[in-house]
Amino acid sequence: LKSIAVMTSGGDSPGMNAAARAVVRTALYEGVKVWGIRDGYHGLLEEDMFEMKSKDVGDIIQRGGTFLGTARCNRWKTPEGRMLGYQHLVDRGIQGLCVIGGDGSLRGASLLSQETGIPIVGLPGTIDNDVWGSDYTIGCDTAANTIIDAINKLRDTASAHRRVIVMEVMGRSSGWLALVSGISGGAEYILVPESPFDLDKICEDMKVAYQEGKRYILVVVAEGAGSGQEIGDYIAKKTELDTRVSVLGHIQRGGSPSVIDRVRASQLGEQAALALISGLSDIVFGFSKGRVVSIDLHDSVNNKKKLDPEYLHLAKVLF
Ligand code: F6P
C-alpha cells in the first residue's frame, strides 16, 4: 500500500503514543504516506484527519494518554456509520488502517474489514490486558506499576492503624491487573472474576489472623469481581475490623509509560506499518512469550482471554 492511516480508540493507555509514533515513522521510512485520525472512529466520521510528518510524532514517546485523542463511539456500532467512515478513507486515497485500542475498538475494526475489505491491522492498546491471543497489551505494565505504587502507600497507613484496606482496581471483566499487582504487592487476598471466592470464609480467616496478631490486611478487588465499596462494607460488618475502601480509578490510565510499554509499543507499531504496507490485513500484533506474534483479528475479538492459571496458583501459594 502507498497510503495508510493510524488511530487510537477506546480507553487511552500509556504507550499508545509510542505505538502511533512507530507506525508513522516506519511508514515514512518506507516512503509511504501516513495519516493520523483524531479521536478514534468518532474523528473518522467527522473527517478529522491529517497527513503526518515525522515531527508530528516528536516529543510524545514519554507522554501518557494519546496525542491523537480517543473516544468511545456509538455511531461506529452501526453499518451505516462504518460505511461512512470507509468512504472518508477512500476519499483521501487511504488504503489501509491501523487501529490501536482494546477489545471493543478491535471489534469495530473487524466489522469494518468484513464489510468493506479495506486492509486493517490492529494493535492491542488497553491497560486491561484482555486481548485474546496476546499475553501483553500496550499500557498494562505502566498501569500495574501505578497500582503497585498505590499498594505500597496503602500498606503504610493500613499497618499504622491495624486496618483492612480494600482496593478496587480497573480491568473491566478481566482480573489481570488485580492479579499481577496483588501478587507483586503482596496482597493478602486477590478477588478476580475468573476465580470464585467465598467472602464469608475470607471474613472468618481475617478475624483469626487479627487474633493471631496480624497488623493489617490488603484485599485487591478487580472491578469485574464486584464493587470494592460493597465488599469493604460487607467485610466491616462481618468482621467488625476497622476497614477502609480505596477505588483507584482513572489514575491507573495515566502517567509516563514504562520502559516495557515504550519498547513493546514501538515494536508493535513497526510491525503494524510493515504489515499494512505489504498488503496484509485482518491481523492483530501482540506478544507471546516475549516475542511479537500475529493473531487473526476475528479470532482475537471472538474469543475471551483467560487468566494465566500459573499466576492464579501462585497467588494462592504466596498468600
Ligand atoms: O478498558 C480500559 C478501562 O480503563 C477499564 O479498565 C475500565 O473499566 C474502563 O476503561 C473505564 O472506562 P471509561 O474511561 O470510559 O470510564
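This is a predicted model: local features need pLDDT of at least 70, side-chain atom pairs count only at pLDDT 80 or more; totals for chains, interfaces and linings use all residues.
Residues are numbered from 1 along each chain as its sequence is written, and side-chain values use heavy atoms, with hydrogens and water left out. Helices (H or I, at least four residues) and strands (E, at least two) are DSSP runs, numbered from the N terminus.

- Ten of the 14 residues of α1 are buried, where buried means under 20% relative accessible area, exposed over 50% and partly exposed in between (1.4 Å probe, protein chains only).
- Those buried residues are M16, N17, A18, A19, A20, A22, V23, V24, T26 and A27.
- The cover over them includes the strands β1 (3–8), β2 (33–37), β4 (96–101) and β5 (120–124), along with α9 (259–277).
- Just after α1 comes G31, with a positive phi of about 75°.

**I37 in strand β2**

- I37 sits in β2, and its relative accessibility of 0% is why it counts as buried.
- Not counting residues up to four places away in sequence, I37 touches A5, V6, M7, G43, L44, D48, M49, L68, L89 and L97; contact means heavy atoms within 4.5 Å.
- T8 is 29 residues from I37 along the chain, and their C-alpha atoms are separated by 7.9 Å.

**Helix pairs**

- Helix α5 (residues 140–161) packs against helix α6 (residues 176–185) at an angle of about 50°, with the axes 9 Å apart; axes are lines fitted to C-alpha atoms, for helices over the stretch in contact, and angles run from 0 to 180 degrees between N-to-C directions.
- That angle makes α5 oblique to α6, since angles under 35 degrees count as roughly parallel, over 145 as roughly antiparallel, 65 to 115 as roughly perpendicular and the rest as oblique.
- On the α5 side the contact is made by C140, A143, A144, I147, I148, I151 and R155, and on the α6 side by W176, L177, V180, S181, S184 and G185.
- By class, this contact of α5 with α6 has nine nonpolar, three polar and one charged residues; Ala, Val, Leu, Ile, Met, Phe, Trp, Tyr, Cys and Pro count as nonpolar, Asp, Glu, Lys and Arg as charged, and the others, Gly among them, as polar.
- Helix α3 (residues 79–91) and helix α4 (residues 103–116) cross at roughly 75°, and their axes come within 10 Å; the pair is therefore roughly perpendicular.
- P79, R82, M83 and Y86 of α3 meet G108, L111, L112, E115 and T116 of α4, a contact with five nonpolar, two polar and two charged residues.

- Most residues other than glycine have a negative phi.
- N129, in the loop between β5 and α5, has a positive phi near 50°, and N129 counts as buried because its relative accessibility is 2%.
- E240, in the loop between α8 (228–239) and β9 (243–247), has a positive phi of about 60°, and E240 counts as exposed because its relative accessibility is 69%.
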